[in-house]
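Colleague: I have a model open and want to learn how to read it. Could you walk me through a pocket and some helix packing?

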Amino acid sequence: MPNHAPATPEQEQGSFAAVLPGDEVPAIRLRGLRKHFGQVHAVDGVDLDIPSGEFFSMLGPSGSGKTTVLRMIAGFELPTGGTIALHGRDVSRLAPFDRDVNTVFQDYALFPHMNVRQNVEYGLRVKRVPKARRRERAAEALSTVRLEEYGERKPTELSGGQRQRVALARALVNRPKVLLLDEPLGALDLKLRHTMQTELKQIQRDVGITFIFVTHDQDEALTMSDRIAVFNAGRIEQVGTPVEVYERPATAFVAGFVGTSNLLSGRGAETVIGKPGVYSIRPEKIRIDGELSQAARSGETSATGTITDLIYAGATVRYEVALDAGGQLSVVRQNSSEPGEFADGRVRLSWRHEHNFRVTPPDSPHAKGQS
């Protein structure tokens, strides 16, 4: 247990307020960040700026490097190379307790023998904050996560969502400049997870500090984030707002991992789109009809094909269509008519030109590291 000195008056004056507008120093700045475990390059040259007050998500599959980056920011892992700056201060080699960050984990990590208030106060006790001040700040933190009436309960008396909010309050009570969240909603059931997504984003707006959120759930990242970094094989493929990442994917990996996307290439791309390359078209952007002789509308791309499969999903129906020109496209549309309306399976697909996005092929040397 580190031997912390009593909190200073300057430390006591900290608040949940966001950094003032105009502050150009990012909350987090990563330059050339690398982490190797033997021959495994878990993180392989990451450059990233995260502004103050942003809800920033690091999204990617298992083994993509996102959690390792979070652990290096927290100080739980030391980088093999590169630097980590927190509000302009190089913290690359500092111990976790010397960094002005706190981490919320998926498993909550609450002390079962302590009640909720004691759990929230724990970090302040370690820092030797006076008892009256601890109580005041714990009450403030519990109010922020809307658990002010639960201070005397034990963690075992709470639901999963309530325990997660206690873990959040315990991190916020220390008033960090940056809050790190390592898949904090992963242990919750689907309905509760959706509820907590909304609550977590609202809490971030209320407290105004920088949240860095790690997840492998694309919907979670799109729903909650101001910006997203998509990780793959230890590097960043794309950084952008949810709209930018979803609507304008930079690489084939991003197009396929964030939501569902069609990739059209080879002869199919040349015939349908009119030029070679790999193109991403989102399934919900495509219109399907049985009028094969109808000419393409102005500003639209059009192709004919045969339905090879139909997937009924209640609110939506997905059609798999083999194109006459080569290649296959998925089409998703609202379930507003009978799924069997295209009796002979022959259909025409149409979509607007701006919904063709040329992406970097997955095997290209430029498919990674676009940040």
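Colleague: Which strand gives the largest share of the lining of the second largest pocket?

Modeller: Strand β15, residues 316-323, supplies 3 residues, the largest share. Keep in mind that this is a predicted model.

Colleague: Which residues line that second largest pocket?

Modeller: The lining is Y246, G259, T260, P283, E284, I311, A313, T316, V317, R318 and V332. By class, 6 are nonpolar, 3 polar and 2 charged. The space in this pocket is about 230 Å³.

Colleague: Now the helices. What describes two packed helices?

Modeller: Two values: the angle between the axes and the distance between them. Take helix α3 (residues 116-126) and helix α5 (residues 160-172). Their angle is about 30°, and their axes lie 7 Å apart. An angle under 35 degrees counts as roughly parallel, so α3 is roughly parallel to α5. Their crossing is right-handed.

Colleague: Which residues make the contact of α3 with α5?

Modeller: V116, N119 and V120 come from α3, and V166, A169 and R170 from α5. This contact has 4 nonpolar residues, 1 polar and 1 charged.

Colleague: At what angle do α3 and helix α4 pack?

Modeller: About 120°, with the axes of α3 and α4 (residues 131-144) 9 Å apart. That angle makes α3 oblique to α4. Here too the crossing is right-handed.

Colleague: Which residues of α3 and α4 meet?

Modeller: On α3, they are V116, R117, V120, E121, L124 and R125. On α4, they are R134, R135, R137, A138, A141 and L142. The contact of α3 with α4 has 6 nonpolar and 6 charged residues, and no polar ones.

Key:
Residues numbered from 1 in each chain as written. Predicted model: local features only at pLDDT ≥ 70, side-chain atom pairs only at ≥ 80, totals over all residues. Heavy atoms only, no water. Axes fitted to C-alpha atoms, helices over the stretch in contact; angles between N-to-C directions. Helix = DSSP H or I, 4+ residues; strand = E, 2+ residues; numbered from the N terminus. Parallel < 35°, antiparallel > 145°, perpendicular 65-115°, else oblique. Left-handed = near helix turned anticlockwise from the far one by under 90°. Contact = heavy atoms within 4.5 Å. Nonpolar A, V, L, I, M, F, W, Y, C, P; charged D, E, K, R; others polar. 1 Å grid on protein atoms, 1.4 Å probe; cavity = no way out; pocket = protein on both sides within 12 Å on 5 of 7 lines; lining within 4 Å. Points joined across faces, edges and corners; volume = space filled by probe spheres on them.
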